[in-house]
Amino acid sequence: MEANGTDTTEIEEVAEKLTESTIKAAIKHQKEAEFIIKNIQWATCQDFTVDLGRQQIEEYILTWEMHESWLHWSEYLQEEELEYTIRYCYRVKWSIPTCRKPIPRAIACVYFFIDLSKIKPAWLPVEVFFILESSKYIHRPGKSRFREKWLKDIMESKIILMNSITF
């Protein structure tokens, strides 16, 4: 025991635990920073069609790290005329059907938007972004890493809501 009444071994133990947790957090952060966010080569504005947009969304989804149990279905929703762009909207519905429950209790939707500029050169690629049904955050291919957990969270919140309602 020191003269001021503190035990140096306790302080050393706390410092060691703090150092270990800091090093683990730094290693985890470094591994995430090294992850390469995948993307695809999107079509140019002049080559774009509604079907090509859907095919490219499917191709982009293949770059996501998802468990094989996830199934999805994509569909074209609408075309929207804006001041400087033409926006094409698509929806991708996700679920995890099983042998015991082939009809899932909940689904999660991801909405894709493909913008064709009216003012930029037609040889430039289309602009693509997507949002999840429960979020306003805009994700851009090649800029944000898709997380399977986002879909699970949406489905879990829907199931909790359904269980809380009595008919």
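Pro141 has its place in the loop between β4 and α3, where helices (H or I, at least four residues) and strands (E, at least two) are DSSP runs numbered from the N terminus. The model is a predicted one, in which local features need pLDDT of at least 70 and side-chain atom pairs count only at pLDDT 80 or more, while totals for chains, interfaces and linings use all residues. Residues are numbered from 1 along each chain as its sequence is written, and side-chain values use heavy atoms, with hydrogens and water left out.

Leaving out residues up to four places away in sequence, Pro141 touches Asn39, Trp42, Tyr60, Val128, Phe129 and Phe130, a contact being heavy atoms within 4.5 Å.

### The chain as a whole

The protein chain has three helices and four strands, and read from the N terminus on, these elements run α-α-β-β-β-β-α. The domain assignment, with bounds that come from an automatic or database domain assignment, gives domain 1 (1-35) and domain 2 (50-164). The C-alpha centres of these two domains lie 41 Å apart.

The radius of gyration, taken over C-alpha atoms, is 23 Å for the protein chain, whereas a compact globule of 167 residues would have a value near 15 Å; the globule rule is 2.2 Å times the number of residues to the power 0.38. Taken along the principal axes, the box filled by the C-alpha atoms is roughly 80 × 50 × 30 Å. The accessible surface of the chain, from the Shrake-Rupley method with a 1.4 Å probe, comes to about 11900 Å², and 56% of that belongs to carbon and sulfur atoms. Of the contacts between residues at least 6 apart in sequence, 53% join residues at least 24 apart.

### Buried residues

Of the 167 residues in the protein chain, 28% are buried, where buried means under 20% relative accessible area, exposed over 50%, and partly exposed in between (1.4 Å probe, protein chains only).

| Residue | Relative accessibility |
|---|---|
| Ser74 | 5% |
| Trp64 | 8% |
| Pro141 | 10% |
| Thr44 | 18% |

Ser74 counts as buried because its relative accessibility is 5%, and its place is in strand β1 (residues 71-81). The side chain of Ser74 makes a polar contact of 2.4 Å with the side chain of Glu58. A polar contact is a pair of N or O atoms within 3.5 Å; within protein, one atom must be able to donate a hydrogen and the other to accept it, and residues adjacent in sequence count only if both atoms are side-chain atoms. Beyond its neighbours up to four places away in sequence, Ser74 touches Arg54, Glu58, Arg91 and Val92.

Thr44 is found in the loop between α1 (8-34) and α2, and its side chain is joined to that of Asp47 by a polar contact of 3.0 Å. Neighbours within four places aside, Thr44 is in contact with Ala122, Trp123, Leu124, Pro125 and Val126.

### The largest nonpolar core

A nonpolar core is a set of buried Ala, Val, Leu, Ile, Met, Phe, Trp, Tyr and Cys residues joined through side-chain atoms within 4.5 Å. The largest such core has 28 residues, of which Trp64, Phe112 and Ile114 touch the most other members. At least two residues of this core are supplied by each of α2 (50-61), β2 (85-95), β3 (108-117), β4 (127-132) and α3 (148-164). In soluble globular proteins, nonpolar side chains tend to be buried together.

Trp64 is found in the loop between α2 and β1. Apart from residues up to four places away in sequence, Trp64 touches Trp94, Val110, Phe112, Phe130 and Phe146. The C-alpha atoms of Trp64 and Asn39 are separated by 9.2 Å, with the two residues 25 apart along the chain.

Arg87 lies in strand β2, and a polar contact of 2.7 Å joins its side chain to that of Asp115. Residues up to four places away not counted, Arg87 touches Gln78, Glu79, Glu80, Leu82, Phe113, Ile114, Asp115 and Phe129. Between Arg87 and Glu65, which are 22 residues apart in sequence, the C-alpha to C-alpha separation is 27 Å.
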